[in-house]
Amino acid sequence: MKASTLTSFSNLLALLESPDEPFGRVIFANDWQEPEPFSYQVNFPRLEVVVSGQYTNIISTPEGVETHTVVGGEALYIAPNCWNKPDWQHSCSVLSLLYGRRQLGFSLVNKRG
């Protein structure tokens, strides 16, 4: 891994744990309804932390299929075998934490409008 990548990741983690910016709400997606076409569904839990911008998703909730916009400092939790469908219409930076049985995955997506 490049040193610049490690520095960027360190800066990102420092931003997320900043006491000046408390962490906001967490939205929970589940599997009450059938997945939307082209949605993301895997057999392990995921936590998608929005670092900046707007991250809009269609998700399943007990009330039905709903659209939720998660903004910087908030997160979307998707339990195993549940689904979400991002629309990627807005600029955002999203850190996805993927919790496998024996591994932990990190993915940082920067979407420019």
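This report describes the fold, the side-chain pairings and selected residues of a predicted model.

## Overall architecture

The chain contains one helix and eight strands, and, read from the N terminus, these elements follow the order α-β-β-β-β-β-β-β-β. Of the 113 residues in the chain, 31% are buried, while the accessible surface comes to about 7,200 Å², with 55% of that surface belonging to carbon and sulfur atoms.

## Salt bridges

Side chains of opposite charge can pair when their charged atoms come close. In this model the count of salt bridges is two. One of them joins the side chains of glutamate 74 and arginine 25, with a nitrogen-to-oxygen distance of 3.1 Å. The partners come from distant parts of the chain, since glutamate 74 sits in the loop between strand 4 (64-71) and strand 5 (75-78), whereas arginine 25 sits in the loop between helix 1 (3-16) and strand 1, and 49 residues separate the two. Glutamate 74 has a relative accessible area of 13% and is therefore buried, because the limit for that class is under 20%; arginine 25, at 39% relative accessibility, counts as partly exposed.

The other salt bridge is formed by the side chains of glutamate 48 and arginine 46, at 3.8 Å from N to O. Here glutamate 48 counts as buried at 5% relative accessibility, and arginine 46 is likewise buried, with a relative accessible area of 5%.

## Aromatic pairing around strand 3

Two aromatic pairs are present in the structure. In one of them, tyrosine 55 and tryptophan 88 are arranged in a tilted geometry, with 5.2 Å between the ring centres and 50 degrees between the planes. Because tyrosine 55 belongs to strand 3 (residues 46-61) and tryptophan 88 to the loop between strand 6 (83-86) and strand 7 (92-99), the pair ties together parts of the chain that lie 33 residues apart in sequence.

The two partners can also be described by their accessibility: tyrosine 55, at 2% relative accessibility, counts as buried, whereas tryptophan 88, at 25%, counts as partly exposed.

Leaving aside neighbours within four places in sequence, the residues in contact with threonine 56 are Thr67, His68, Thr69, Lys85, Pro86, Asp87 and His90.

Serine 60 has its place in strand 3 as well, and with 0% relative accessibility it counts as buried. A polar atom of the serine 60 side chain lies 2.9 Å from the backbone nitrogen of tryptophan 32. If residues up to four places away in sequence are not counted, serine 60 touches Phe28, Ala29, Asn30, Asp31, Trp32, Gln33 and Trp83.

## An exposed loop residue

Glutamate 34 is located in the loop between strand 1 (26-29) and strand 2 (40-41), and at 69% relative accessibility this residue counts as exposed. Although glutamate 34 and cysteine 82 are separated by 48 residues in sequence, their C-alpha atoms are 9.4 Å apart in space.

## A nonpolar surface patch

On the surface, Tyr99, Leu104 and Phe106 form a nonpolar patch, and together these residues contribute about 290 Å² of accessible area.

Note on methods:
Residues are numbered from 1 along each chain as its sequence is written. This is a predicted model: local features need pLDDT of at least 70, side-chain atom pairs count only at pLDDT 80 or more; totals for chains, interfaces and linings use all residues. Side-chain values use heavy atoms; hydrogens and water are left out. Rings of Phe, Tyr and Trp (its six-membered ring) pair if their centres lie within 6.5 Å; planes under 30 degrees apart count as stacked, over 60 as edge-to-face and the rest as tilted. Helices (H or I, at least four residues) and strands (E, at least two) are DSSP runs, numbered from the N terminus. Buried means under 20% relative accessible area, exposed over 50%, partly exposed in between (1.4 Å probe, protein chains only). Patches are made of residues with over 30% relative accessible area and no salt bridge: like charges are joined within 9 Å, nonpolar side chains (Val, Leu, Ile, Met, Phe, Trp, Tyr) within 5 Å. Accessible areas come from the Shrake-Rupley method with a 1.4 Å probe; for residues, only the protein chains shown count as cover. A salt bridge is a side-chain nitrogen of Lys or Arg within 4 Å of a carboxyl oxygen of Asp or Glu. A polar contact is a pair of N or O atoms within 3.5 Å; within protein, one must be able to donate a hydrogen and the other to accept it, and residues adjacent in sequence count only if both atoms are side-chain atoms. Contact means heavy atoms within 4.5 Å.
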